[in-house]
Amino acid sequence: MESMEVDESAAQLYVRTPEDVKAIVKHAKLDERQLTQLTQALYFPSADVDSDNLRLLELDGHMLGQIRDGQTLYFKGGQNEKLVLCTDERTYDVKGAEISNSLLLVPDLKFAAATSTSPLKSPRTGNANASLERSLNDSTEDELEVPRTLEQRPVLKVFHEYFECREIRPRFRKLGELLQLTRYSGPENEFCVEQKLLFTFSQLLDTVQCSRGQFMEGMNQYRAIELDGRMRVMEYEYEYRIINMMLGLISENSWALDEVEREETINALKGIAPEDVVAGLFDIYTTPSERCPGKFEYQVSMVSRIVAQNILQPGLRFRNEEFMRTWQEALPEGMSCDLKYLRGLGICHKEGAQPCIRSLAEELLPTNISDRMRALFKTKQRWTMEEMEPYIECFTTPNLSVSTLLAKHARSLTDGGVRYFVSKH
């Protein structure tokens, strides 16, 4: 196979002939009998061929499977954002990468056995037909004339770079920032909300850099509900007040924790909060009861977190025993608090004579890994991996673990058999 450039200034396009091929083979000191019978001549695109809309994209097994299944891949990114590529399940960072050699896009190019009509010239894996090969190779040029056909193959485009894709965690921060612009704090305060900043579900999905499946996770993480066709999050104090009233119905109606009535809860708060708000929060905070079909139970982790958030006001510190006692007393009877529910919400200071607990919300920390590490070590000098994980796991990828990030941005030491991470500087 060979290529040639077309002289655009020529009055007539030069077309290579079989005789030209034979002459080139001879000049290259190749034995034509060792070549297949088909020659494909490549012609580079002329200036009037528009191929600027073509790009090379690297696909992994998941993306390739999505395309073969008829699914759609989406590019997402605002004017000041890095480009990402999303399937229905995963998100990929996209970067341009150079190719050391030129890659030619040639439609209908034939490979290997497709260029041969002779069994002697087809690819073989063993020593079959070895005697026939020797007979062919021993023949003189006069004894055997190799038939040769010539086909023209236009090059559609020459590539010197491609898009390299690397799977990343979904970028939820923008979703939270957009939803926080129009926090809902009751119908009486809606006059304060800028209506043009309200977004529908589809508008947010098109804007936020994550897949549809990951987007649904983000909506649950921020506890977003749909009000009048727009996605909203609750003002924290308002949400806590509604949830507290919903939880009060458990003891008021003598319900078991897994016998909560959905309709009765919604009806009990009519006139206090919009029905869509109560129904939306109920669906977020509860799961269907396994013991009692048709009834529900509150998720202990979510209830514990919003109660803890109400106690852990920014700037306040609590002694461990005092905080745990206050936290437990604020929960419905039968629910138990646990420090694991503070993940990404608060931290425990064990340094000093009196261990204490304070607020540290992950969503309020810097989005740059270096800035975040500085903020974390400014808050607390020594961290275990388990303590630091909820604050830096958003920077991990399938090939970049929390331990790898800590090895790069912190240094470790061991004290009393426990491994801690401290600032590098």
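Aspartate 93 is buried, with a relative accessible area of 5%. Here buried means under 20% relative accessible area, exposed means over 50%, and partly exposed is in between, for a 1.4 Å probe and protein chains only. The model is a predicted one, in which local features need pLDDT of at least 70 and side-chain atom pairs count only at pLDDT 80 or more, while totals for chains, interfaces and linings use all residues. Residues are numbered from 1 along each chain as its sequence is written, and side-chain values use heavy atoms, with hydrogens and water left out.

The side chain of aspartate 93 meets that of arginine 166 in a salt bridge, at 3.3 Å from N to O. Aspartate 93 belongs to strand S5 (residues 91–105) and arginine 166 to strand S7 (residues 157–168), so the pair ties together parts that are 73 residues apart in sequence. A salt bridge is a side-chain nitrogen of Lys or Arg within 4 Å of a carboxyl oxygen of Asp or Glu. Helices (H or I, at least four residues) and strands (E, at least two) are DSSP runs, numbered from the N terminus. Arginine 166 is partly exposed, with a relative accessible area of 37%. A network of salt bridges links Asp93, Arg166 and Arg171.

## Other salt bridges

Side chains of opposite charge can pair when their charged atoms come close. By the rule given above, the count comes to 20 salt bridges. One of them joins the side chains of glutamate 259 and arginine 291, at 2.9 Å from N to O. Glutamate 259 lies in the loop between helix H7 (236–252) and helix H8 (262–268), and arginine 291 in the loop between strand S10 (286–288) and strand S11 (296–298), so this pair ties together parts that are 32 residues apart in sequence. Glutamate 259 counts as partly exposed at 24% relative accessibility, and arginine 291 counts as exposed at 51%.

Glutamate 263 forms a salt bridge with arginine 262, and their closest N and O atoms are 3.3 Å apart. Glutamate 263 is partly exposed, with a relative accessible area of 48%. Arginine 262 is also partly exposed, with a value of 22%.

## Helix H10 against helix H11

Two packed helices are described by the angle between their axes and the distance between the axes. The axes of helix H10 (residues 300–311) and helix H11 (residues 320–330) come within 10 Å and cross at roughly 125 degrees. That makes H10 oblique to H11. Axes are lines fitted to C-alpha atoms, for helices over the stretch in contact, and angles run from 0 to 180 degrees between N-to-C directions. Angles under 35 degrees count as roughly parallel, over 145 as roughly antiparallel, 65 to 115 as roughly perpendicular, and the rest as oblique.

The crossing of H10 and H11 is right-handed. A crossing is left-handed if the near helix is turned anticlockwise from the far one by less than a right angle, and right-handed if clockwise. On H10 the contact is made by Ser304, Val307, Ala308 and Ile311, and on H11 by Phe323, Thr326, Trp327 and Ala330. Contact means heavy atoms within 4.5 Å. By class, this contact has six nonpolar, two polar and no charged residues. Ala, Val, Leu, Ile, Met, Phe, Trp, Tyr, Cys and Pro count as nonpolar, Asp, Glu, Lys and Arg as charged, and the others, Gly among them, as polar.

## Helix H7 against helix H10

The axes of H7 and H10 come within 11 Å and cross at roughly 125 degrees. H7 and H10 are therefore oblique to each other, and H7 passes H10 in a left-handed crossing. H7 contributes Tyr236, Glu239, Tyr240, Ile243 and Leu247 to the contact, and H10 contributes Val303, Ile306, Val307, Gln309 and Asn310. By class, the contact of H7 with H10 has seven nonpolar, two polar and one charged residues.

Serine 301 is found in helix H10 and is partly exposed, with a relative accessible area of 29%.

## Threonine 287 and the whole chain

Threonine 287 is placed in strand S10 and counts as partly exposed at 30% relative accessibility. Not counting residues up to four places away in sequence, threonine 287 touches Phe296, Glu297 and Gln299.

The protein chain has 14 helices and 16 strands. Buried residues make up 38% of its 425 residues.
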